[in-house]
Amino acid sequence: GKGGDDAVFGLTIGSPGYTSGKFHRPRGICWDARNDVIYVVDWSGRIQKFTTLGELRGSAVMPEVEKGKPEDICLSRNGNVLVADTHYSRIVEFSPDGKLIRTFGSYGEDPGQFIYPVGIACDTNGNIYVSEYGENDRIQKFAPDGTFVAAWGRFGEKDGEFRRPSGIEMGPDGDLYVADAVNHRIQVFDTSGKLLRIVGGEGTGPGEFRYPYDVCVTSNAMYVL
């Protein structure tokens, strides 16, 4: 059936469960355009890999899940999978075949440390961007090797401040879109952290938000969840 004027339902992948090909509260998804596969992370602590026809191609398991589960994933420049390991205050990297490559980050408030990293994105140069909440409420930028580059934002309601920044997306325009959930808005930054514009505000009308938690940007539209 159709959802909207031009959205056509195509395929369902998975069903509730803990076995291969099934999901327990899926939380993050990304698409590898070069290889036409998708990766899904769920609350069982698994990253599963599928073709776009729904065929399971492999899986990986987070190193630890007792304290909590990961929230988001993205692809690195070289095609590896980067995971925001929210409750372990770190980023975890897997190869496309599920091999654990490395982790970086630790609990804390210093540059390069995290409280609750929740969103992750990469730019075309391979730089990594992480949103986090807790005591930090900021965006951090890392070089492809995980070296800290910069951070911006703090807890607050002013322009450039955040209250629980959540999903982030690198748009085709090269700008970073941040779902500033408890401020009910989307903030857009360049890759150096300069605030470019703010979209939305609290409300239920068109263009207004109530706790937006993720954002997706195409060449001609922005979608907010």
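Author: Happy to. One term to begin with: a charge sits over a ring if NZ of Lys or CZ of Arg is within 6 Å of the ring centre and within 35 degrees of the ring normal. By that rule, the charged end of Arg25 sits over the ring of Trp43, 3.8 Å from its centre. Likewise, the charged end of Arg164 lies over the Tyr133 ring, 4.0 Å from its centre.

Reader: Nice. And what sort of model is this?

Author: This is a predicted model, where local features need pLDDT of at least 70, side-chain atom pairs count only at pLDDT 80 or more, and totals for chains, interfaces and linings use all residues. Residues are numbered from 1 along each chain as its sequence is written, and side-chain values use heavy atoms, with hydrogens and water left out.

Reader: OK, aromatics next. How many aromatic pairs are there?

Author: Seven aromatic pairs. Rings of Phe, Tyr and Trp (its six-membered ring) pair if their centres lie within 6.5 Å; planes under 30 degrees apart are stacked, over 60 edge-to-face, and the rest tilted. Phe114 and Phe142 have ring centres 5.7 Å apart and planes at 50 degrees, so this pair is tilted.

Reader: Where do Phe114 and Phe142 sit?

Author: Phe114 is in the loop between β8 and β9 (116-122), while Phe142 belongs to strand β11 (residues 138-142), so the pair ties together parts 28 residues apart in sequence. Strands here are DSSP runs (E, at least two residues), numbered from the N terminus. Phe142 also forms an edge-to-face pair with Phe148, at 6.1 Å centre to centre and 75 degrees between the planes. Ring pairs link Phe104, Phe114, Phe142 and Phe148 into a cluster.

Reader: Is Phe148 buried, exposed or partly exposed?

Author: Phe148 is partly exposed, at 30% relative accessibility. Buried means under 20% relative accessible area, exposed over 50%, and partly exposed in between (1.4 Å probe, protein chains only). Phe114 is buried at 0%, and Phe142 is buried too, at 1%.

Reader: Switching topic: what's the strand order in the open sheet of four strands?

Author: The order is β5-β6-β7-β8, with antiparallel pairing. Two strands pair if DSSP finds at least two bridges between them. β5 (72-75) and β8 (100-104) are at the edges with a single partner strand each, so one side of each has no neighbour in the sheet. Five bridges join β6 (residues 81-85) to β7 (residues 90-94), and Val81 has Phe94 as its bridge partner in β7.

Reader: And β15, how many of its residues are buried?

Author: Five of the five residues of β15 (residues 185-189) are buried, so the strand is largely enclosed by the rest of the structure. Arg185, Gln187 and Phe189 point one way, Ile186 and Val188 the other. In a regular strand the side chains alternate between the two faces of the sheet.

Reader: Which strands are joined to β15 by bridges?

Author: β14 (residues 176-180) is joined to β15 by five bridges, running antiparallel, and Leu176 stands opposite Phe189. Their hairpin has four residues between the strands, and His184 in the turn has a positive phi of about 60 degrees. Four bridges join β15 to β16 (residues 195-199), also antiparallel. That hairpin has five residues between its strands, with Gly193 in the turn at a positive phi of about 95 degrees.
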